[in-house]
Amino acid sequence: VFSGLFASQSALDRTQARVDGGEPEDIRASMVSAEYFSTLGVPALLGRAFRTDDDPSAPYAVISYDYWQRRFGGRADILGTTIAIRRGVFSIMGVAPASFFGETVGQRPDVWLPLTLQPAVLPGRDWLHETPGDLEKVMWLHVFGRLKEGVTIEQAQAAANVTFQQGLAAHYGSALLPADQKA
């Protein structure tokens with residue numbers, strides 16, 4: 001029912017970064033899946049955005065137009081500049097267009113980072129893999145989809161609900177079943 005799907009971190013991560021080994025500075029970062037820019041139909045203004053055929057362990061970053069102007073003065077030679085964030089060092093691969101502020105109104109990230117590098121950006125816990133049967137569940141990602149042509153929102157909601165219920169059952173097993181349905 002969807003022509004494209006992507007995941008993004010549900011809240012901006014305000015953190016310290018070092019650009020090319022310089023002094024620490026405050027930035028707003030968001031981790032996103034490789035399909036983020038293509039599903040939203042947002043091409044890079046300079047360089048390129050993430051692609052699904054990128055190496056998932058490649059430490060690339062896409063920066064916002066506003067951050068590019070504010071931090072780098074709009075210089076065209078910033079591709080390849082490194083940004084160190086916690087345990088990761090990311091190479092700037094692209095700049096988003098001036099009209100793009102992210103998928104969530106009011107958040108305005110300075111930098112988008114690959115979701116696959118969560119252990120480097122948010123060290124200390126593996127947020128990408130769950131342990132079946134573990135009842136602690138942290139919902140830290142938003143998933144968005146672009147409808148295929150001709151698919152109604154009701155059809156998409158029904159399909160997404162089935163997938164969601166299957167995921168809950170796979171993760172929690174019978175813990176979520178009403179008492180009268182437990183074996």
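Author: Helices (H or I, at least four residues) and strands (E, at least two residues) are taken here as DSSP runs, numbered from the N terminus. The model is a predicted one, in which local features need pLDDT of at least 70 and side-chain atom pairs count only at pLDDT 80 or more, while totals for chains, interfaces and linings use all residues. Residues are numbered from 1 along each chain as its sequence is written, and side-chain values use heavy atoms, with hydrogens and water left out.

The chain contains four helices and nine strands, and along the sequence they follow the pattern β-β-β-α-β-β-α-β-β-β-α-β-α. Of its 183 residues, 36% are buried, where buried means under 20% relative accessible area, exposed means over 50%, and partly exposed is in between, with a 1.4 Å probe and protein chains only. Contact is defined as heavy atoms within 4.5 Å; among contacts between residues at least 6 apart in sequence, 71% join residues at least 24 apart.

A nonpolar core is a set of buried Ala, Val, Leu, Ile, Met, Phe, Trp, Tyr and Cys residues joined through side-chain atoms within 4.5 Å. The largest such core has 25 residues, and those touching the most other members are Ile-63, Phe-72, Ile-78, Ile-83, Ile-85, Val-111 and Leu-113. At least two of its residues come from each of β2 (13-19), β3 (24-32), β5 (60-63), α2 (65-72), β6 (82-85), β7 (88-95) and β8 (111-114). Apart from this core lies another, of 12 residues, including Phe-6, Val-42, Val-62 and Trp-112. Val-111, when residues up to four places away in sequence are not counted, touches Ile-27, Arg-28, Ala-29, Ser-30, Ala-61, Val-62, Ile-63 and Ile-85.

Asp-13 belongs to strand β2 and counts as buried because its relative accessibility is 10%. With residues up to four places away in sequence again set aside, Asp-13 touches Ile-27, Arg-28, Ala-29, Arg-86, Val-121 and Leu-122. Asp-54 is in the loop between β4 (46-47) and β5, and its relative accessible area of 16% is why it is classed as buried. The side chains of Asp-54 and Arg-48 are joined by a polar contact of 2.7 Å, a polar contact being a pair of N or O atoms within 3.5 Å of which, within protein, one must be able to donate a hydrogen and the other to accept it, with residues adjacent in sequence counting only if both atoms are side-chain atoms. Beyond four places in sequence, the residues that Asp-54 touches are Arg-48, Ala-49 and Met-93.

Turning to the loops, Pro-97 lies between β7 and β8 and counts as buried because its relative accessibility is 17%. Neighbours within four places aside, Pro-97 is in contact with Val-42, Pro-43, Leu-45 and Tyr-65; the C-alpha atoms of Pro-97 and Val-42 are 7.7 Å apart, although the two residues are 55 apart in sequence. Arg-108 is partly exposed because its relative accessible area is 35%, and its phi is positive, near 50°. Most residues other than glycine have a negative phi.

Asp-77 lies in the loop between α2 and β6 and is exposed because its relative accessible area is 53%. A polar contact of 2.7 Å joins the side chains of Asp-77 and Arg-75, and the C-alpha atoms of Asp-77 and Leu-46, 31 residues apart along the chain, are 9.8 Å apart.
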